[in-house]
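The following paragraphs lead through selected surface features and the overall form of the structure shown here.

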Amino acid sequence: MKDSFFRSMTWLHTWVGLLTCWIIYVIFFAGTASFFRDEINLRNQPAIHNVQAQTDRVAAQRQQIIKGFDYLNQHAANSPSWRITLPEERIPYLVYGYAKPKEPGQRRSQFVNTQLNPNTMQALPPFVETKGGNFFYRLHYQLYYLDAITGRWVVCFASFFMLLAIISGVVIHKRIFKDMFTFRRNKGTRSWLDAHNLSSVLALPFHLMITYTGIITLIFMLFPYPALTTYDKGMRGFFNDVTPSNNVTNNAQGSADLLPINTILDHVYTKWPSADITRVQVSKPNMAASTVTVLVSPAKALRDQSPRLLFSGATGKLVAQTDDELSSSKALYESLNSMHTGRFATPLLRWLYVLGGIAGCVMIGSGCIMWAKRIRERNKGKASFGLQLVEGLNLATIMGLPLATCAFFIANRLLSPTLAGRGEKEVTAFFLAWLVVALMALLKRDRLQWRVMAAINALACLSVPAINALTTQGNIVSYLLNKQWVLFIFDAVFLLFSILFLVQTEKLRTASSASKKTANNLTNNKKRQKHD
Amino acid sequence: MIDLLSFSLCLFAFNGFALAKPAHFKTVFTTRPSKLQSNLLLIVSWISILLSLLFCVVTQQGYGALLFCGFMGLSVLIITIFYNFIEKLIKPFSFLNMLLIGSSGLLLIVNSL
């Protein structure tokens, strides 16, 4: 019984892992990059490279909001909505934006944004169109070139498979504590197994947490039935119920001047004296039905939805607000969500999340390589179609994604700033680079091909900071001297990966010459034996 | 400083867990540990890791448990590198680790006075 249970778990672990490992690798890779979504946005937008973080950020917020209202009243008094986005710890600039009236058939209004340096209150140079970190964020949970809902379903199923693989992996790893700190070098598949086990065990709590909470983030798509049976309007009704919305002034007719924002801010600071306001939204400004929504940062609380207050724009009366004390179910959902995103994590915790993400990539990558190596050994070098497919997908995914990422960042620097659809072209560069690697993997998947890809990746990683230095005013040295840590670390990470890929190229070269020597020795020995 | 103390306690705990294993103990001290030594190492390591968890949760509130998980991952990675690639440096590393615990703890006490 025990043996058959162990065997079934091994079978389960192998197949749930193998069937989805490449898609899970993409999800983990993009998710890991998404932890630095704001930093990637900053790097991809040269206009904000020299904006210094405000020292008295929270204290300056009141004046920034008042000036924003004056600006928007002057430039877009009749716009359907306004948005003032204040600088945050990881977002150094200020945005005053207003919506253009919707065109027929348009789902969402297009915003006209003016970005300002909060230290000088001067407008920043025009922003270039870029997908930035949002590309990796969307790729992480809804993939790309797929309908959003279909993409999310694929990610959901992959996450379920991942969860099954983790649990069955813990069950079959008999020596989980005995082998905890063990890595046997140069032992063929044994070394791959050690790498797989080690990367799984060292971040096991992270892997479990991130996979489980990942499923929870999409729970209303997976399990909508309680909401569907309770609310007449289905999921929409449910979301309306849990999001504070304006039911008071919605039907008011005619125009009415906006109340001075100072009055509304007084209310906010009375309720939350040390409020760190992140955004102010005004709907239907200068109308009787207008509302002013003030969103504040939840700071260190495990809460995904920002606490907010909704005021009538005409009277200044508080019309709705988020709950101060969350119900237990809402608190559970919000805490699991914010654990997954790590949105309010400190820089230290953010790096530890990234470490967990990298461990996840190593775990998945070593798992699929190990499977292919074992089957090749078992078949004594002969490769079936299935094995060739797995080997090809391994090469395309593991070596293709880093190259595609480099292509994305290089395209961001090389594409003309005025090019129409520039953001989408960065994404095209990403997928084209990946496609090239996939085609190469289709032709050949041997050690030489891995070596070539490692060398190409080393060069590509080196190109990212090099091209940045040639196309912008800064470079890794100036970033270090000017204490522009985000930009410095970004370039340094690419240089580090370039070195790692070079080491891999060299390792693969010595490994192939060693195996050639062994093969030659074996043939010579056989010849000698025959001769004797 | 409290984060440094929590992390060094976590690192110390995993170093202890590794040393409690006969094979790793032999790598460092060229002899196998006695039953008493193994048990002592395990007890000290458990106390150290629980202290690390306590400091993380008390100071970081909601994200404390996550920070602790991150510290555990990083500690296991560092210990594995030392025990598999740079065995000779384990003794100075352990000494440095203890020094770090002592100095960060002392600084915290001084700051709170």
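Which element gives the most to the nonpolar patch? In this predicted model, helix H18 of chain A makes that contribution, with 3 residues. The patch itself lies on the surface and consists of A:Ile358, A:Val362, A:Leu496, A:Phe497 and A:Leu500, which together have about 420 Å² of accessible area. The elements that supply two or more of its residues are helix H13 (347-378) and helix H18 (485-531), both of chain A. A:Val362 belongs to helix H13 of chain A. Its relative accessible area is 39%. Since partly exposed covers values between the 20% limit for buried and the 50% limit for exposed, A:Val362 therefore counts as partly exposed.

A:Arg138 is classed as partly exposed because its relative accessibility is 36%.

Attention now turns to chain B. This chain contains 5 helices and 0 strands, and its elements follow the order α-α-α-α-α from the N terminus. Along the principal axes, the C-alpha atoms of chain B occupy a box of roughly 45 × 30 × 25 Å. Of the 113 residues in chain B, 44% are buried, that is, they have under 20% relative accessible area.

Notes
Residues are numbered from 1 along each chain as its sequence is written. Chains are lettered from A and ligands numbered from 1 in the order in which they are written. This is a predicted model: local features need pLDDT of at least 70, side-chain atom pairs count only at pLDDT 80 or more; totals for chains, interfaces and linings use all residues. Side-chain values use heavy atoms; hydrogens and water are left out. Buried means under 20% relative accessible area, exposed over 50%, partly exposed in between (1.4 Å probe, protein chains only). Helices (H or I, at least four residues) and strands (E, at least two) are DSSP runs, numbered from the N terminus. Patches are made of residues with over 30% relative accessible area and no salt bridge: like charges are joined within 9 Å, nonpolar side chains (Val, Leu, Ile, Met, Phe, Trp, Tyr) within 5 Å. Accessible areas come from the Shrake-Rupley method with a 1.4 Å probe; for residues, only the protein chains shown count as cover. A salt bridge is a side-chain nitrogen of Lys or Arg within 4 Å of a carboxyl oxygen of Asp or Glu.
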